[in-house]
Amino acid sequence: PRMRIDVVTIFPDYLAPLGLSLPGKAQESGLLQVAVHDLRQWTTDRHRTVDDTPYGGGAGMVMRPEPWGEALDHCLDRGPNPAGGAVLVVPTPSGERFTQRVAEELAAEQHLVFACGRYEGIDQRVLDDAADRGPVREISLGDYVLNGGEVAALAVIEAVVRLLPGFMGNPASLVEESHSDGLLEYPTYTKPQVWRGREVPEVLRSGDHARIASWRHEQARARTAVRRPDLLPAVHALSVEGLGALE
Ligand code: 6GU
């Protein structure tokens with residue numbers, strides 16, 4: 001396969017969607033190989049314990065290092081490249097922000113290993129130990145808290161797998177879409193021409209491709225200015241206030 005993905009979790013059922021839809025098709029086509037592992041298979045005690053109270057006190061539980069160490073030893077050795085080269089991806093709200101750029105970087109790899117922990121976290125020594133052996137990316141989806149890394153891993157995997165060369169039918173649909181030009185998408189329409197009294201904008205039916213392109217660009221720019229001004233170059237985002245200040 002072009003890429004192998006291992007996921008380690010205490011909730012393997014949460015990853016069931018990986019067999020469906022996009023990652024499912026990529027696996028059928030032989031482009032992708034996914035394996036989901038139950039962390040508890042690397043516990044040794046009768047109760048299959050994966051967490052304990054934090055040193056130094058505080059709320060919640062911390063995931064113990066021993067099962068994680070065994071799990072990562074196992075997964076990091078299973079990539080397509082015997083010389084290693086896996087990237088360890090750790091979903092955590094304290095990670096770097098996940099962006100399309102990060103998705104593109106991960107899509108260039110041959111082997112990704114996802115370590116899904118609960119949000120109080122995994123014993124830091126597990127990540128330090130892994131970082132001595134290869135790259136580790138701690139990744140956050142955004143500024144809100146999920147209970148564990150599983151849903152984040154699903155999101156990251158979907159964003160990565162759709163970028164694999166030879167996966168999507170139409171490469172142009174990848175270049176054109178949201179975030180590759182730094183703007184949000186323009187609004188889209190299909191038939192019928194009138195629906196519940198609402199008409200498709202005239203310009204889109206004009207056949208004038210230059211006018212259509214500039215209308216779409218203006219829609220994207222206006223939408224971005226309202227919803228995500230942080231995405232616009234500073235000079236644009238500041239233009240309204242800036243003009244006021246100049247008076
Ligand atoms: Cl990657 N993990 C968790 N537990 N919560 C999050 C997150 C990740 N990204 C945003 N919230």
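Predicted model: local features only at pLDDT ≥ 70, side-chain atom pairs only at ≥ 80, totals over all residues.
The protein chain as a whole comes first. The chain has nine helices and nine strands, and of its 247 residues 24% count as buried. The domain assignment divides the chain into domain 1, covering residues 3-171, and domain 2, covering residues 179-246; the centres of domain 1 and domain 2, taken over C-alpha atoms, are separated by 37 Å. Among the contacts between residues at least 6 apart in sequence, 76% join residues that are at least 24 apart.

Strands of a sheet pair through backbone hydrogen bonds, and they do so either in the parallel or in the antiparallel sense. Here, five strands form an open sheet in the order β2-β1-β6-β5-β7, and the pairing is parallel. The edges of this sheet are β2 (32-38) and β7, each of which pairs on one side only, while neighbouring strands are turned against each other by 30° on average, direction ignored. Helix α2, residues 65-76, packs on the sheet, where it touches β1 (3-9), β2, β5 and β6 (111-115); the direction of α2 makes about 165° with that of β6.

The pairings can now be followed strand by strand. On its other pairing, β6 meets β5 in the parallel sense over three bridges. From β5 the sheet continues to β7, with six bridges joining these two parallel strands; in β7, Val136 is the bridge partner of Leu88.

Is β6 mostly covered or mostly open? The strand is mostly covered, since five of its five residues are buried. In a regular strand the side chains alternate between the two faces of the sheet. In β6 both faces are covered, with His111, Val113 and Ala115 buried on one side and Leu112 and Phe114 buried on the other.

The ligand is surrounded by 14 residues, and the closest of them are Pro91, Tyr119, Leu141, Leu146 and Ala152. β5 (87-97) and β7 (136-140) each supply at least two residues of this shell, and β5 gives the most, with three residues. Sorted by class, the shell holds nine nonpolar residues, five polar residues and no charged ones.

A last stop is Ser206, which lies in the loop between β9 (198-199) and α7 (209-227). Why does Ser206 count as exposed? The reason is a matter of counting neighbours: a residue is exposed if 12 or fewer other C-beta atoms lie within 10 Å of its own, and Ser206 counts as exposed because it has 11 C-beta neighbours inside 10 Å. Ser206 and Arg97 are 109 residues apart in sequence, and 41 Å separate them in space, C-alpha to C-alpha.

Technical notes:
Residues numbered from 1 in each chain as written. Near = placed C-beta within 6 Å. Helix = DSSP H or I, 4+ residues; strand = E, 2+ residues; numbered from the N terminus. Nonpolar A, V, L, I, M, F, W, Y, C, P; charged D, E, K, R; others polar. Domains from an automatic or database assignment. Buried ≥ 20, exposed ≤ 12 C-beta atoms within 10 Å, placed from the backbone. Contact = placed C-beta atoms within 7 Å. Pairing = 2+ DSSP bridges. Axes fitted to C-alpha atoms, helices over the stretch in contact; angles between N-to-C directions.
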